[in-house]
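The sequence and the structure are shown first.

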Amino acid sequence: MARQKGVLKYVGTLGDVRHFKIKGQEGYFAGMVGGPSGEQVLTAPEFERTRENMNEFGACAKAGKSVRTGLSQLMKQMSDTQVAGRLTAIMKKINLEDQTEARGYRKIEISSQRNYLIGFEFDKNTSLNGIFNAPFTVSHGAGRDTADFDIPAFNPANLVNAPAGATHFRLINTISVVSDFEYNATTNSYEPMDAPLNEVSDVQFSGFLDLYAAAPATTVTAALPAGTVPTANVTVLQCIGIEFYQQVGPNYYLFATGNCLKVQDAF
């Protein structure tokens, strides 16, 4: 695939060459027109591997979307433009670990491959470790329905890298359920193995903390709705983060930059 670097910027087809933009990347790109028809891809024997890959790729995108949907309250201010693709890539790694099903129908068994998600940053350009350096611990209950984010008292001036103009911040603790996915021959599609629990979540915030005053010891507890019992086919993601505000009178205005969220644990 060619990349256009000149001053001429256009999209569309010119002769046998089509020009286009790619979301999240700079510049314009070019590629040759042509290739097999949609009918060929869906029916021809020589495209069997392609169909298998398409089937599993769609399932991986669906599983990644479940993670984002469970955290939809935070995605606008916490994620980059390529977060969907990056989550899909992780789900594909998990999908490839399944050795029990045939190609094209392999499970996305997150519950047995949770380490792939631990440490995932929702904005690849803003790392939590680079913004928030105060000591903390995370823990979860035996029933996997609650989780704590504990931060001892600390001085934000030394341990928080805030964007210019920010006066306050809030710490975030979330737990979100994502199910394993498997192929359903009846519906001809991948579906969550525990649909009622998939995407169930809770997002909790600390109070507004002053960037220029000592922060007290803080515990932020997230809990799934009463009666929620995570099963063996689901994973609970504990994500922690920080978001910044500017105080104007009695109001706090959320910053568009500096906010970040990370998968700290998966259980």
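## Strand E13 and its partners

Phe 169 stands opposite Phe 244 in E13. The two residues belong to an antiparallel pairing in which 12 bridges join strand E7 (residues 168–179) to E13. Two strands are taken to pair if DSSP finds at least two bridges between them. Helices (H or I, at least four residues) and strands (E, at least two) are DSSP runs, numbered from the N terminus. The model is a predicted one, in which local features need pLDDT of at least 70 and side-chain atom pairs count only at pLDDT 80 or more, while totals for chains, interfaces and linings use all residues. Residues are numbered from 1 along each chain as its sequence is written, and side-chain values use heavy atoms, with hydrogens and water left out.

E13 also pairs in the antiparallel sense with strand E15 (residues 260–266), over six bridges; here Leu 237 stands opposite Ala 266. With strand E14 (residues 251–254), E13 forms four bridges, again antiparallel, and Gln 246 stands opposite Tyr 253. The hairpin of E13 and E14 has two residues between the strands, and Gly 249 takes a positive phi near 65° in it. Of the 15 residues of E13 (residues 234–248), 12 are buried, so the strand is largely enclosed by the rest of the structure. Buried denotes under 20% relative accessible area, exposed over 50%, and partly exposed the range in between (1.4 Å probe, protein chains only).

## The sheet E5-E6-E12

Three strands, in the order E5-E6-E12, form an open sheet with antiparallel pairing. Strand E5 (137–140) and E12 stand at the edges with a single partner strand each, so one side of each is left without a neighbour in the sheet. Direction ignored, neighbouring strands of this sheet are turned by 15° against each other on average. The axes are lines fitted to C-alpha atoms, for helices over the stretch in contact, and angles run from 0 to 180 degrees between N-to-C directions.

Six bridges connect strand E6 (residues 146–151) with E12 in the antiparallel sense. Across this pairing, Phe 149 stands opposite Val 220 and Ala 147 stands opposite Ala 222. In a regular strand the side chains alternate between the two faces of the sheet. In E12 (residues 218–223), Thr 218, Val 220 and Ala 222 make up a covered face, whereas Thr 219, Thr 221 and Ala 223 make up an uncovered one.

## Thr 228 in the loop

Thr 228 lies in the loop between E12 and E13. At 13% relative accessibility, this residue counts as buried. Its side chain reaches the backbone oxygen of Pro 225 at 2.7 Å. Leaving aside neighbours within four places in sequence, Thr 228 is in contact (heavy atoms within 4.5 Å) with Asp 145 and Leu 197.

## Helix H4

Helix H4 (residues 83–96) has 14 residues and reaches 20 Å from its first C-alpha to its last, close to the expected 20 Å. That expected span is 1.5 Å times one less than the number of residues. The buried residues of H4 are Val 83, Leu 87, Thr 88, Ile 90, Met 91, Ile 94 and Asn 95. Seen down the helix axis, these buried residues fall within an arc of 160°, so they line one face of H4; the arc is that of the directions from the helix axis to the C-beta atoms.

## Overall composition

The secondary structure of the protein comes to six helices and 15 strands. Buried residues make up 41% of its 267 residues. Among contacts with a separation of 6 or more, 69% are between residues 24 or more positions apart.

Key. Polar contact = N/O pair within 3.5 Å; in protein donor to acceptor, adjacent residues only side chain to side chain.
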